[in-house]
Amino acid sequence: MAVAALFAHRPQAALRLFYLPARRLEAGPFCAQLARARKPYREVPAAELARIAGTTHHGGIVAIATPRAVPALPAAEALPARLLPVLDGIGNPHNLGAIARSAAFFGCEALVISGDPRQAGLSDSAWRTSEGGLEALSLYRAADLPSALAALAPRFLTVAAVARGGEPPEALANDPRPVALVLGNEEQGLAAPTIAACARQVTLPGSGAVESLNVSVAAAVLIHALRR
């Protein structure tokens with residue numbers, strides 16, 4: 001869950017902790033860490049926890065933490081040689097969180113967010129949906145995505161995920177490089193300059209009964225299919 005991932009990856013960022021009586025045992029180790037750092041924690045009733053969290057979908061335990069910085073994308077050589085999801089205008093924070101969760105589950109180590117103004121940020125909803133995935137990944141930002149993809153190309157096979165007209169995932173198996181998988185906006189997909197900056201295009205073949213998958217579902221299928 002998100003709170004456990006915070007204490008596992010960024011314990012120094014945790015500022016306060018609130019939890020329901022039913023989560024007392026689980027909260028114990030986190031409370032001990034906060035006590036050593038002289039930071040507050042408190043058991044609260046359900047109504048108060050919902051007020052603190054801003055939602056009833058809090059899982060019974062809520063941490064307040066310092067925001068996580070998202071630095072600029074480094075040189076390709078500094079990135080792990082694993083499949084690299086690149087998000088370009090993913091506007092729904094739940095989709096951002098779900099993609100991060102799948103990426104972490106399938107062994108990705110980093111994730112890139114573009115400078116597209118439609119791109120969802122690291123909101124509370126994204127953190128909750130990721131179930132710890134955002135904490136498990138190194139996060140980077142690429143203000144100029146086509147230029148960033150050109151810089152990645154010597155080390156990564158840059159692949160645009162498109163709803164139609166691309167190759168099936170298995171057609172990319174002949175390139176041994178790790179994949180930088182670029183996923184676009186839920187409604188409009190990827191912009192033409194971004195697609196043009198990618199070496200290949202990939203499309204998941206379906207039955208034709210519906211046009212496409214939700215982007216977070218497509219991301220999970222493609223990450224599994226394209227990881228080396």
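The model is predicted.

Start with helix α2, residues 24–36. It has 13 residues. From its first C-alpha to its last, α2 reaches 18 Å, close to the 18 Å expected at 1.5 Å a residue. Even so, α2 has a kink of about 30 degrees. The kink is centred on Phe30.

Now look at which side chains α2 hides. Ala27, Phe30, Cys31 and Leu34 are buried. Phe30 therefore has under 20% relative accessible area, and the kink is centred on this residue. What do the buried residues of α2 pack against? They pack against helix α1 (2–9) and the strands β1 (14–19), β2 and β3 (61–65).

Follow the chain out of α2. Next comes Arg38, in the loop between α2 and β2 (41–43). Check its backbone. Most residues other than glycine have a negative phi. Arg38 is not a glycine, yet its phi is positive, about 60 degrees. Is Arg38 buried or exposed? It is exposed, with a relative accessible area of 80%.

Glu131 is another case to check. It too has a positive phi, of about 50 degrees, and is not a glycine. Find Glu131 in the loop between α5 (124–130) and α6 (133–136). Its relative accessibility is 40%, so Glu131 counts as partly exposed.

Turn now to strand β5, residues 110–114. How many of its residues are buried? The count is 5 of 5. In a regular strand the side chains alternate between the two faces of the sheet. You can trace the two directions in β5. Ala110, Val112 and Ser114 point one way. Leu111 and Ile113 point the other way. Residues on both sides are buried.

Next, find the neighbours of β5. Strand β4 (residues 84–88) pairs with β5 in the parallel sense, over 2 bridges. Here Leu87 stands opposite Ile113 in β5. Between these strands, look for helix α4, residues 93–105. Together, β4, α4 and β5 make a right-handed β-α-β unit.

Strand β6, residues 138–142, also pairs with β5. This pairing is parallel too and runs over 5 bridges. In it, Ala110 stands opposite Ser138 in β6.

Conventions. Residues are numbered from 1 along each chain as its sequence is written. This is a predicted model: local features need pLDDT of at least 70, side-chain atom pairs count only at pLDDT 80 or more; totals for chains, interfaces and linings use all residues. Side-chain values use heavy atoms; hydrogens and water are left out. Helices (H or I, at least four residues) and strands (E, at least two) are DSSP runs, numbered from the N terminus. Buried means under 20% relative accessible area, exposed over 50%, partly exposed in between (1.4 Å probe, protein chains only). The expected span of a helix is 1.5 Å times one less than its number of residues. The bend at a residue is the angle between axes fitted to the seven residues ending there and the seven starting there. Contact means heavy atoms within 4.5 Å. Two strands pair if DSSP finds at least two bridges between them. A crossover is right-handed if, with the strands pointing away from the viewer, the path from the first strand over the helix to the second runs clockwise.
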